[in-house]
Amino acid sequence: MSRWLLGEFRTSQQLLEAARGLRARGFTRMDALTPFPVEGIDEVLSLPPSRLPLLGLVAGVGGAGGAYLVQWFTQAVDWPLDVGGRPLHSGPAFIPIVFESAVLSAAGALFLGVLVACGLPRVTHPFFDLEDFRSASIDGFWLAVTVVDDAGRDAADAALRALGAAQVSLVDEARR
Amino acid sequence: MSDVAPKAPVTEDPLVEATLLEGRYSNDQIGQSLLRPVLGPPGWGWWALVGVCSALVVLLVVAICVTLFVGVGTWGNNIPVAWAFGIINFVWWIGIGHAGTLISAILLLFGEKWRSSVNRMAEAMTLFAVACAGLFPLLHLGRPWKFYYLVPYPSSLRMWPQFRSPLTWDIVAILTYLTVSTLFWYMGLLPDLATARDTAKETWKRRAWGLLSLGWRGSARHWRNWRTGYLLMAGLATPLVVSVHTIVSFDFAVAQLPGWHTTIFPPYFVAGAIFSGLAMVMTLLLPARRVLRLHHVITEAHLDVLARLLLVAGLFVAYGYIQEHFFGWYGGDPYEMHAMSILRTGPYAPAFWTVFTCNVLVPQLFWSRRLRTSPAVLWGAALLVNVGMWLERFVIVVSPLSEDFLPSSWRHYAPTWVDLSLLSGTVGLFGLGFLLFLKLLPPVPISEVKQLQDELESSERFAREVVAEARAPGGGA
Amino acid sequence: MGLFPPGTDEVLRGGLALLAGVPVLGVVVLMLLARSPLGTATFEPVEQPVQFDHRHHSGDEGIGCRYCHEGAWEGAYAGVPPTSRCMGCHAQVWNESPRLAPVRESYFQDRPIPWNRVHRLPHFVFFNHAIHVHKGVGCVSCHGRVDQMALVEKVAPLTMGWCLECHRDPTPHLRPPERVADMTWRPPVDALETGRRVRQALHVAPRTECNTCHR
Amino acid sequence: MPPLKERFPLPVLRSASPPAWRSLESRRRQEAPGPEEEFPPGASRPPEGLSRRALLELAAFGAAASTAGCFRQPPEKVMPYSRQPPEVTPGVPLHYATGLTLEGHVRGLVVRSHEGRPTKVEGNVAHPESLGAAGLQEQASLVGLYDPHRAKLVRHRGQPSSREALFARLLQLAARKDAGEGLRLLVDPTGSPLWAHTWGRILERFPRAKVVPFCAADTGASLEGARIAYGRPLTTLPRFDTARAVLSLDDDFLSTLPGSLRAAREFSASRALPDMSRLWVVESHLSVTGAFGDHRLRARPTRVPHVARHIGAEVGRRLKRSDLATLADGAMSTTESERRWIAAVAADLVARKDQALVVVGARQPAAVHALAHLLNDALGGHVAKVAPTLTPAPDPGALPALVEELRGGGVDTLLITAWNPVYRAPADVPLALAMGRVEDSVYCTLHEDETSIACTWSVPSTHAYEHWEDGRASDGTATILQPLIAPWLEEVVAPLEVAAAFSGALAETSYQRLRALWREHDGGGGRAWEGWLAEGVIPGTRLPEVAARVDAPAVLAAVRALPPASDSGLEVQFILDARVQDGRFGANPWLQELPDPITKLTWDNAALVSPATAARLGLARGARVRLAARDGAVEAPVLVLPGQADDTVTLPLGYGRASGGPVAEDVGFDANELRFQDAPWVLPGVSLTLLEGHHDFALTQEHWRMEERPLALQTSRETFEAHARTLLEGLQAPREHLYPPVPHPVTPPHRWGMAIDLNRCTGCSACVAACQAENSIPSVGKEQVRKGREMHWLRIDRYFLGDEDDPGVITQPVMCVHCEYAPCEYVCPVAATVHSDEGLNQMVYNRCIGTRYCSNNCPYKVRRFNYLDYTGKNPLARMLRNPDVSVRSRGVMEKCTYCVQRIEAARIRARVELREIRPGDVDTACAQTCPTRAITFGDLDARDSAVARLHGDPRHYALLNHLGTRPRTVHLLRLKNPSEALS
């Protein structure tokens, strides 16, 4: 059961500075929750680089290869029909579908990949228990610090307030 | 001008970039102003338009039923003109559908900031246009209930589709385009759905938005993956736009009919698609801007840049027209020359010259900056371009078919009431979809506008600091 | 307490998975159904207006297929024999049986007996019995052990894929022409070897062009 | 063709015995709804709106979709014979020889029958009038047999009566004591010995009765001409295969019934190199023969006889026959170009001497016929003459005389077996009115028409394929016309039975009477009878030639007595419509929808005017005009037709029916309203007024010019002979192609191909009708043709060349050419059209989803699409279908298959017999019926293959060769043989 201490800041600048401050104080398990992406926060939180590009590439190549294979198998192998005297293995004619399939499977994989990477759908996240957290998608810039014990909680509380949080709240998954 | 009081008034300060966002607002204000149509009750005008569009949709349903149960013979098609309104409407709608992805994806890749005010509406328009377009390939079939023959599944017949046909490519392309634009659109919507969830007051609305937003929290991890994914999808969507209309043009260019069989078609179709899509964006955007009071986010700068784009696309299209006729003449093939000459002087010449006027002459207005920023002129021009682009497809589809190789088979074409109902019915369906979109979803991406303002503010701040430093004694030189 | 009760996520994810899965599953089920006996109407004994028992006539009495279905050797249709054929025997045998009343009625009133069709091809398929029986395709290969059926049922799916299987490689299904109507014939040594011999002797060259069956 | 089989005699007057053709379909027929509920087989108006049936389909679709039933086909019954006729094997068609009487003469036919159901008509090779070919009317005759609008009830004064009542009354009338004073028979002249015998018997019993001939097509000029020339009426039998210079004076011998099939066959044979014939035509409207002619002189109708007179004089001058030459004295003045033309034709005729032939059309006055006899005699050619076969002899004065009698009130019984005389009677012969005074007028008819309304007894007649009769070809060859099916209507009566009531022969059946009549010829034993039935001709019945001398002074006197040509004003000329003739085929939807060979008009007739006249009078296509002369007038739409003589309006007969079934009614206008008994063909001094409104014609070809494209090609004989090798080089398929041939796993046993010789094609359109019959092609109705949705797989393109007023004409049959690199195939997304190893472009209807892309990409535009459900749900429409081809549902594409059902049937037959398909085993329907053998089909790889030889002929070329489609059907260049004197 996780517990977090959430602090709200008014601007993206404050959020960035607070995150740096917390980091300097040794808090590493942090998350920022903001109405729009804040430049620079990824570095502060040292998020690992996304592997979505690789996923897209693999899916795209897979889609393309699959599409070519299906076309070749159906037109030239399984039932070779004489269609207008054209070659059975009509490579150039297969290209459009290969391309479209590549885009389709890459885009589909990326969409699913984003959802999976974001852990969505998750409509019952404990943060949503906090009424004030609604501002996170409007004009509030929140920092969430994962706390393990009461000592940690108190330390984080103090640090957040010291860094200028407009308000600090505790979210406890176990207390739902 | 917007009725939301900016937190800082429009200033004369040259360092404040006023053009893309008039005034500076609190993030809450931005959300409120952009969500107002979604959260507030609809006005009588909205209901009236919904009424008109619904009536057209009823007409569409009637026409579809007649087509399905009596046959595609209720259309005006004949032999040799075996394709007509169905394909014309399809190409027109799919062309319109191209602007959304263009604005969204290509401008995203180029980092154009003005994109964020218009992309949501353009994308929504794309979806409804592609949906309207998708109706036609199905309806125009002689036996629509056998559409599954197009799917490569292992059937008990042991038969497969025929992948050398541009129509097979077409089906895959449309489905891909529809799927990818839907995913792209939905992905762009996620943060705004969360905003709507958190702004709404009634619990049921919050729950509805809550489900749709899938639990978006705006965490740094969310944003990171979202931005990567969104950018990659934009990267995929960009060649997709080009490929889809290229493939649509293959329906014609791969055939050997004089007037269809020409290599200029792919670029010419893509340009035409973007052209018509931009025109349709403007057709919808300008009234929406006025009615929803979005002047603060859709500024004159946006109108200006859209008009410039329209002009550029129009020039491309004009080039296509000229090349098509030049090829016809220079190639020296008598059949091709005939196909081109009947465009200019044949039974459909009035349509052709209307096309020329609407698509080539009208956009030339936008060499003037004053006209570029006049909503009335823009809207009128956009409407004319819509008409012109529909007629262009009419001329492309019908004219070469009606007079091809053997004069004995030449015959002209006239639409029936079912044809006209299908066209107007899809206009109604498209309008209805767009009206519902305006009512149900934020028409301008809220988070992007907030981010834009944040960026503008920080660059302004930076500029101020630089200026201040320069002005400070001892600073600068 | 948030917007949603705990467990909503599971329901939502499950729902989404179902939304994606049902169409796929549905298609798979339809494809399986099309191949199942239910879809191809096989193994369903068909009731007939006359209780004609092939077990008795073909099995016990040993009347050959050709006695009644001689059309199979001459033309497209194997045909159902005219009532006069039935009366050839049943004028003397069982000539007062109430079971045969419909037959007598048909004969004396000159009205056809409305038999229920068991093997039916779509109207756009042109199957010709003669070419098949003359090229060594046995009755039993398509119709099954009719001599063991009280009521005739379809045993082969008669789908295009099923036809093609044999048209692409007929060898294992061929038999000497004199054994075509034999219900119990088994290849003496090796089905393939027999088939090869028959194929050579009868110039069996089945075609898979569309017009072979669709005209 | 399997051997012709004898057919057992059918009881025509149906007793208690069941119909002999009970079969799979018979039950369905009994469920047949009346035509009131269902529209006829493909007649005109298919559903346009959301019909009740569509709603039912919708409901059924919902019901089906809700169950697993969408996989399963509904249960079906098998109906075996209860007693199978010995010759029938279900699924194996039989062929019977019979014939059809057209204009009094028989054309021998062989009819294919599936389980007793006639499904296709072919020509009988053994018959002199057919020679294996069949024309439009024969090909479409089965539609008439299964016509749901046929008369069904015996009616007395309009009220349903019964056959019993009719015969009771007939016997009462036959028991008369006035020696036939009040008995009249109004009949179509016929060559049938049985009919002649029956009338003879009636006249024996009632010496004062009269048999009155009425024929709207043959007004007796030809026989009268022979009487002038030879002193007695004779029929000439010109031979065209030996003639090398033919002058046709308004004689459309290539399409005029009944001799056209034989004439076309013979004439086309004379067009071969090196000794090619030359055809000169003088006419007022553009006929099939005129279109085929080498030189054509347009002359207004009243000038034609005088042109003939000038030609006669010129021939006489060149032959140094002073009597003939004096014809020039006092003759009509001619223009310079006419004089050159006349001199050229006379020179050619004289140069060819006994190989010259002059023929005259039925519209020309007797004097012109007589002149032709004189000219043929003077030129030395031999034209066979036989005694006239028609009884009673055509006599234009007979009908007016009858009407006088009727009005006088002396006639109480009028028996009408002539087709619809009320409709066909000239405007100034009030037949309908006069019939009102007759107590008992009995009319035998296939349809309840104008005459049915005017008579007291309307008797539904059996169709020609439902009763026993006999008949003669024009050379006298007799044929027994055997029925192919028992009448499917309960009440129908064979016309012969009605006559038999008066001849006192009712105790016997027609069959018995026929056997009795022919017993003598049979040698008494009856052994030959079966042979006659099987062969379709009775040997030794050809009429002997008659020797006769021309009475030149009489002829010249008659020619001098010709009335002068009219020089001013409009002239109207009447012609028989190429399809419905004088209207008797008007109820046949196939013929209504068949494009006219020249105008390409369907479902209509039109007032034809030349472009120059149209320009002068301010007329355009579709303008409505009123033509008036004396006290008659007709309102008609105008069709501007190149090749028409100026100031001449040509009105085709046979349309504008007020009654006669929904197919015939309300189509076109009735030209009879302007036809007078003294001017049956030509009417000068007609006034024309332009009316309001516009008429929308259903034309299948709207564009007349070839736009200088190399499509239907012709050249002069000299040009061809000089450049035979190089002339068509660019249009003959090259050896190389971008794509290598697709390798087929097994070498194909055959390579099917076709050649169409334009030098033989007259454009007669028999092939179109044959194709329609063989491939169960529906008629779609006028509205659909107007929209451009006619379904004919084979069309005949007709182009006008050169001068619009006096154009050259070329006809070109075009159907699927089965391209080796077919553009239609690679655009089909579902592989519904692919190539067979034997080179057929296969169309698989059940795979087709109807994108119509194939049609768009077909450069020949030969594909046809079922835009609506054209199949027709009437069970009678099913009777007509060829069971060996699929019924095409709504939404699928179709096109020429090279009659693949025939190929596959031949293949199965051959393989069962452990052999290969032999040349002659397979022929397409179009090739089989073509009177001129213009179409040749076969295996390009076979030894001695005619089609392979034609594919190597220097005249062959591939249509649109530059596209690289490599058509398997090639066309052969048409040659013209122009006279040097006129070049």
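The points below concern confidence, chain contacts, domain contacts and one hairpin.

1. The complex is a predicted model, to which the predictor assigns an ipTM of 0.91 and a pTM of 0.90. For chain D the mean pLDDT is 88, with 92% of its residues at 70 or more. The exception to be noted is residues 1-70 of chain D, where the pLDDT is below 50.

2. Chains A and B. Between these chains, 54 residues of chain A are in contact with 52 residues of chain B. On the chain B side, at least two residues each come from helix 1 (27-39), helix 5 (166-199), helix 6 (203-212), helix 7 (220-253) and helix 15 (446-471). Helix 7 of chain B contributes the most, with 16 residues. The class composition of this side of chain B is 22 nonpolar, 20 polar and ten charged residues.

3. Chains A and C. Here seven residues of chain A are in contact with nine residues of chain C. The side of chain C that touches chain A comprises five nonpolar, two polar and two charged residues.

4. Domains of chain D. The assignment divides chain D into domain 1 (26-145), domain 2 (155-218 + 392-535), domain 3 (221-386), domain 4 (566-699) and domain 5 (714-738 + 752-980).

5. Domains 1 and 2 of chain D. Contacts link 23 residues of domain 1 of chain D with 25 residues of domain 2 of chain D. On the domain 1 side, strand 2 (94-102), strand 3 (105-114), strand 4 (117-123) and helix 4 (141-145) of chain D each supply at least two residues. Strand 2 of chain D provides the largest share, six residues. By class, this side of domain 1 of chain D holds nine nonpolar, ten polar and four charged residues.

6. Six residues lie between the two strands of the hairpin, in which G802(D) takes a positive phi near 70°.

Definitions and conventions. Residues numbered from 1 in each chain as written. Chains lettered and ligands numbered in written order. Predicted model: local features only at pLDDT ≥ 70, side-chain atom pairs only at ≥ 80, totals over all residues. Contact = placed C-beta atoms within 7 Å. Helix = DSSP H or I, 4+ residues; strand = E, 2+ residues; numbered from the N terminus. Nonpolar A, V, L, I, M, F, W, Y, C, P; charged D, E, K, R; others polar. Pairing = 2+ DSSP bridges. Domains from an automatic or database assignment. pLDDT = per-residue confidence, 0-100.
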